Every structure is written in C-alpha cells, then in structure tokens.
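Subject: Handing over the model

Hi,

Here is the structure I promised to pass on.

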Amino acid sequence: MKLIRIIAMLLALTVAILTVASAYAGSVNPQSWALPSVLAMIFPAMLLLTVILIIVNLFICRKAAIVSAVSLLCCLSPALDVCPLNFSEPAADSEPLTLLTYNVMQLTDFTGTSAPDSPNPTLRMLASSEADIIALQECYDIASIATGEANRPLLDSISRHYPYRSYGARGQSLLSRFPFDEIILSRPNADDFRVRAFRIYIGADTITLFDVHLQSIGLTPDDKQLYRDLTRGDTQGRGIKGEIREIRSDLISKLTAAFRARALQTAALTDMIAETGGKCIVCGDFNDVPGCYALRSLAATGLRDAWRKSALGPAITYHANRLYFRIDHILYSPQLITPLRTRRLTWPYSDHYPVEMTFTLDNPATTQD
C-alpha cells in the first residue's frame with residue numbers, strides 16, 4: 001500500500017507541474033520560443049486528468065489529492081477560460097442582438113451524406129438562423145457555390161432575411177440585417193492571414209466587426225493520417241522511435257511554424273483594431289485554443305472572451321481528424337458590449353461548429369466589465 005501511495009504522489013506531482021505549465025504556456029511569445037504554445041494545447045486534457053486524480057486519490061492518497069487540488073487552484077483563471085461556469089444569464093437592458101461566427105468550409109458537406117440534388121445543409125442552417133449578423137469564414141459568394149434549383153428557395157430566404165451582404169475574395173463574408181460599410185484596412189491580406197473589418201449601423205449605434213481567419217496548421221493528408229494513427233495507437237510498424245521522429249518532424253515542426261505566424265498576425269490585428277476604435281467585436285477562426293498567445297495578446301488590448309463571460313462548460317468547435325479543440329472565438333469590448341449568452345451550435349456539415357453570441361450594446365458610462 002505504501003508503494004501505491006508513493007506512485008500516486010509522484011503521478012500527482014508530475015501532472016500538477018504539467019497542468020500549471022500548460023495553463024500559462026500561452027503567455028510565452030512563440031517568436032521567442034514556440035514549444036510552450038504546443039504545451040498550451042494540452043491544458044484541457046491536463047485539467048481533466050487533474051480532476052480525475054483528485055477524485056481517485058481521495059481514496060488512495062489524500063496528500064496526492066491535495067497536491068492536485070492546489071495545482072487546480074493555481075490555474076483557476078485559465079481553467080475558467082476553458083470551462084466557464086456561468087449558470088445564469090444577465091437581464092438585458094436593451095434589445096438583444098445575436099452574432100453568429102461560422103467557418104463553413106466552402107459549403108462542402110463534411111458528413112458526405114447529402115445527395116447531389118438535395119438542398120445544401122449549410123445553406124439550410126443559414127436560412128433558418130435567427131442571428132442578426134453572421135460572420136463567415138471560407139465562404140465565397142454562396143449563390144455561385146450552391147447552384148441548383150433545390151437551393152434557390154434557401155438563397156431567396158437568406159436574401160430576404162439578410163438584405164445586406166458582402167462576400168470576400170478570400171472567404172471572409174458577412175450577412176447582416178443592418179446596413180454596413182467595409183473598412184479598408186491598412187495592411188493587405190496574405191494567403192495565411194485573412195481579415196475584413198466592417199462598421200455596422202444598428203439604429204443610432206455603430207459597432208466595428210473584425211472577421212478573421214488566422215494561420216492554419218497546414219497539415220497535409222499524410223500528416224492527418226499520422227495523427228489519426230497515433231491517437232488510435234496504431235504504429236503501423238514504425239515503433240516508438242519512429243513515432244517520435246515523425247511527430248517531431250511532421251507535426252511539431254508545422255505546429256511551431258503556425259504558432260509563430262499567428263503571433264505576427266495577431267500583432268498586425270491589434271494595430272488594426274487600435275486604428276479603427278469604437279465598439280469592437282473580433283470573431284472567427286483563430287486556429288488556436290483558449291489561453292493561446294494570440295488570445296492573450298488581444299486580451300491585453302482590453303478585449304474580453306465572450307465564452308469566458310457568458311458560456312457554460314467546455315466545448316469544441318473543430319471536429320475533424322480527431323483534432324477536437326475550441327479554435328473559433330468571439331472577443332468584444334467590455335466597456336461597450338455585454339454578452340448575455342454564448343453557445344456552440346451542433347451543426348456537423350462543416351469541419352467547424354458555429355458559435356453564437358447574444359449581446360446588448362451598452363452606455364459606456366454605466367457598463368462594467
């Protein structure tokens with residue numbers, strides 16, 4: 001029994017160190033050192049493992065359970081970024097609005113279940129949405145993509161419900177019940193950094209919306225197959241050394257390159273936000289997890305995470321290739337906007353799930369963070 005308690009304590013200490021390290025690893029600029037950003041990706045898993053150890057060690061080694069509990073307290077704030085506990089919804093002081101952000105994967109049916117002559121499932125979702133504003137990524141002119149008579153009623157419905165629309169050449173598109181103007185940004189888009197900004201006029205009020213798509217990991221089909229094999233425990237004759245070598249060369253190297261690119265893109269994005277000002281919402285596909293360097297950099301400018309403020313529990317927004325992460329985010333100006341509820345919608349026809357925020361516009365003189 002003593003040996004079991006020793007093992008339990010050693011395991012608790014190891015997990016505690018990894019949990020706390022991964023909780024704050026996103027504070028390190030990937031331009032200086034990219035490995036902590038990789039560590040930040042495992043924080044949700046370490047958080048879950050910590051909770052499991054606390055429960056198990058209550059019966060095996062209570063000192064080990066205390067070690068795990070202390071580590072959990074040390075990273076409580078990052079833990080609430082991953083798993084917020086907002087059990088109630090604040091009362092709205094003004095008419096609520098709803099924003100939806102969604103990477104639609106060019107309207108491709110990710111499930112592969114739709115018949116060629118049936119209505120496009122993503123169009124069905126957009127046509128039935130009650131959101132006031134929809135920010136889309138990987139979406140070009142939907143009329144040119146979703147051809148066929150089956151889609152005509154859906155396109156007509158979208159046109160009626162969202163009379164103000166703009167489709168971007170790089171996939172950033174906006175559907176709105178309210179009129180808007182596009183803001184011409186001072187920095188051109190690059191293939192790996194896509195962002196558009198709009199001033200949306202809501203009655204006598206105005207909000208500035210940034211629709212972003214940051215650097216993806218850029219995994220090839222072979223890389224994704226390797227990851228699926230490893231998560232299934234299938235080495236296919238490579239052996240442990242072969243697995244480690246392939247992880248280092250094919251996966252970790254691409255992850256670190258993407259982290260460094262997103263650090264530069266986020267610096268450019270913060271400059272753009274500072275230049276435009278106003279009531280600001282930044283949303284889209286960040287290709288990175290809660291607590292990452294990109295989100296921490298934006299938080300340093302005063303923006304806040306709508307999920308942390310008004311969601312309940314953890315979620316994933318990307319669900320392909322066993323890469324189950326929440327990488328789609330909504331940030332907002334806390335002095336000017338109050339999120340009432342943020343949730344992930346379960347609509348499986350893209351490799352991403354939509355994220356929806358219900359919010360109100362506030363009087364700067366009375367709003368508190």
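In which hand, left or right, does H3 pass H4? The crossing is left-handed, a term used when the near helix is turned anticlockwise from the far one by less than a right angle (clockwise would be right-handed).

Before I go on, some ground rules. This is a predicted model, so local features need pLDDT of at least 70 and side-chain atom pairs count only at pLDDT 80 or more, while totals for chains, interfaces and linings use all residues. Residues are numbered from 1 along each chain as its sequence is written, and side-chain values use heavy atoms, with hydrogens and water left out.

**The chain overall**

The chain has 12 helices and 12 strands. Helices (H or I, at least four residues) and strands (E, at least two) are DSSP runs, numbered from the N terminus. Of its 369 residues, 49% count as buried; that means under 20% relative accessible area, with exposed being over 50% and partly exposed in between (1.4 Å probe, protein chains only). Among contacts with a separation of 6 or more, 73% are between residues 24 or more positions apart. Contact here means heavy atoms within 4.5 Å.

**Back to the helices**

H3 covers residues 43-60 and H4 covers residues 62-74. Their axes come within 7 Å and cross at roughly 155°, which makes H3 roughly antiparallel to H4. The axes are lines fitted to C-alpha atoms, for helices over the stretch in contact, and angles run from 0 to 180 degrees between N-to-C directions. On that scale, under 35 degrees is roughly parallel, over 145 roughly antiparallel, 65 to 115 roughly perpendicular, and the rest oblique. Residues making the contact include Leu47, Leu53 and Leu58 of H3 and Ala65, Ser68 and Leu72 of H4.

Leu49 is also in H3. At 34% relative accessibility, Leu49 is partly exposed. Leu49 and Ala16 are 33 residues apart in sequence, with their C-alpha atoms 9.6 Å apart in space.

Ser22 sits in helix H1 (residues 2-24) and is buried, at 2% relative accessible area. Leaving aside residues up to four places away in sequence, Ser22 touches Leu39, Ala40, Ile42, Phe43 and Met46.

H6 (residues 121-128) is largely enclosed by the rest of the structure, because six of its eight residues are buried. Those buried residues are Pro121, Thr122, Leu123, Met125, Leu126 and Ala127. Their cover includes strands E1 (97-103) and E2, plus helices H7 (142-145) and H8 (152-161).

**The sheet**

Six strands form an open sheet with mixed pairing, in the order E3-E4-E2-E1-E12-E11. E3 and E11 (337-344) are the edge strands, each pairing on one side only. Neighbouring strands are turned by 15° against each other on average, direction ignored. Two strands pair if DSSP finds at least two bridges between them.

E4 (residues 173-176) is worth a look. Both of its faces are covered: Ser173 and Leu175 on one side and Leu174 and Ser176 on the other are all buried. E4 pairs in the antiparallel sense with E2 (residues 133-137) over four bridges, and also antiparallel with E3 (residues 164-166) over three bridges. E3 and E4 form a hairpin with six residues between them, and Gly171 in the turn has a positive phi of about 100°.

**Cysteines**

How many disulfides does a search of the whole structure find? The count is zero, with a disulfide taken as a pair of cysteine sulfur atoms within 2.5 Å. For Cys74, the closest cysteine sulfur is in Cys75, and at 7.1 Å that is too far for a bond. Cys283 is in no disulfide either, since the sulfur of Cys280, the nearest one, is 9.6 Å away. As for accessibility, Cys74 is partly exposed at 43%, whereas Cys283 is buried at 0%.

Best wishes
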